[in-house]
Amino acid sequence: MGIPTVFITALPTIAQMVGANRIVRGVAITHPTGDPSLAAGDELALRVRILDRAIDMLTADVAPRTVWEIDG
Amino acid sequence: MDRGAGMTVVHYLNQFFAGLGGEEAADHEPVRLDGPQGPGKALEAAGLHVDTTVACGDDRFALNEGDCLATLLGWIERADPDVVVCGPSFGSGRYGYACGVLARELGRRGTPVVAAMTPDSPGVLANEGAAYIVPTTANVAGMRDAVPLIASLASRLAAGAPVGTAEEEGYLPRGLRVNVRSAHRGADRAVDLVLAKLAGDVRTEIAPPTDRVSPPDPLADPAAALVALVTEAGCVPQGNPDRLPTRHANVWLRYPIADRLELAPEDYVSVHAGFDTTAANRDPDRLVPLDAARALVAAGRIGRIHDEFFTTTGVDTPVAVSTRMGQEIGAELRNAGIDAVILTGT
């Protein structure tokens, strides 16, 4: 009955420990949905890819506390 | 051994175990009976003398919880028991719920109480850790194993004698932490745990609090979905107008983004005290990915982005506070008709 939620975090083990179910591993603790080492256009493309992956996970049946990588 | 000597024991049963009837008697009003009934006789055999039995129909309790509780608690209070036993209710849902609720209310009033049921009974959740619950099998065949444990716990509670941990005693964990003095210092215990873990025996002295929620059903049609952005990364408008705490936050905030294509660094800032915000504050989309979310809307991948994003700082935040904030934000999202949430954490 809940609202499907995807948690993007660089600390998936902690997310699992507290019971998050749909987890996408973020880039880094300090910038889960970005990468300052990339050129601006590439970074936006990465961010779109992360969110695309997150949407995929929202539409997937998952076991409790599942972690997906950005490129899976 | 007469462990029941001098103790006053009250026993709660449903209509079936009290001998009032089966499903046709499930609407039976609360009753008070002298002495042991049904399983109470097994408690007697285990040394626990039942003075008074109180019982109620399963449906009656479920549909009139307040009235039934008041009646039962009134009788129990007047009996002034040293201990109360609820059940065993085994795998019965309504009976288990009644046992769990009654035991919770007694536990909170300081009345020693033991219930017994399957670990997945709704009564365990309803009990909220307020009472000792002895795990049983789903059917009545487990009576023989459950009764000695119930009697042992109940007689010690009645006598004010010490009760060990859930692991030692075999009752269901109550979510309580108790200070104990150990003969071994922490470093020794930590090394012991590491060595045990290397040998494949994973143990902990303090189980982390967990809140197990089943994964909600997947999103059926993302292209039509209203998606909300939520973060614990401490993102707020520049100047932090509502003074979101940088740590120990016990509030969450929301800010309009309907007219925003991105979280521009001149407009937004992270005040989170738990990580180096330098990179994030050069582009707050690295924390709240609004620009990419807009791109997915433009591409028809998702329907719409909710007009507000929700934010707090998740640093030094007790789990209980996080849980409360999550429930509050969840209720807001529910009211807003949100179909899915993208949550970012640092």
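Helices here are DSSP runs of H or I with at least four residues, numbered from the N terminus. With that in hand, B:Ala279 sits in helix H9 of chain B, residues 278–282. Keep in mind that this is a predicted model.

**Where the chains meet**
- Chain A puts 33 residues into the contact, and chain B puts in 40.
- Sorted by class, the side of chain A that touches chain B has 19 nonpolar residues, ten polar ones and four charged ones.

- S1(A) runs parallel to strand S13 of chain B (residues 340–344), and four bridges join the two.
- One of the pairings to look up is A:Phe7, whose bridge partner in S13(B) is B:Leu343.

**A closer look at B:Ala279**
- Leaving out residues up to four places away in sequence, B:Ala279 touches A:Thr30, A:His31 and A:Pro36 from chain A, plus B:Arg286 from chain B.
- B:Ala279 counts as partly exposed because it has 17 other C-beta atoms within 10 Å, while a buried residue needs 20 or more and an exposed one has 12 or fewer.

**Chain B overall**
- Chain B has eleven helices and 13 strands.
- Of its 346 residues, 41% are buried.
- Among contacts in chain B with a separation of 6 or more, 71% link residues 24 or more positions apart.

Key. Residues are numbered from 1 along each chain as its sequence is written. Chains are lettered from A and ligands numbered from 1 in the order in which they are written. This is a predicted model: local features need pLDDT of at least 70, side-chain atom pairs count only at pLDDT 80 or more; totals for chains, interfaces and linings use all residues. Two residues are in contact if their C-beta atoms, placed from the backbone, lie within 7 Å. Ala, Val, Leu, Ile, Met, Phe, Trp, Tyr, Cys and Pro count as nonpolar, Asp, Glu, Lys and Arg as charged, and the others, Gly among them, as polar. Two strands pair if DSSP finds at least two bridges between them.
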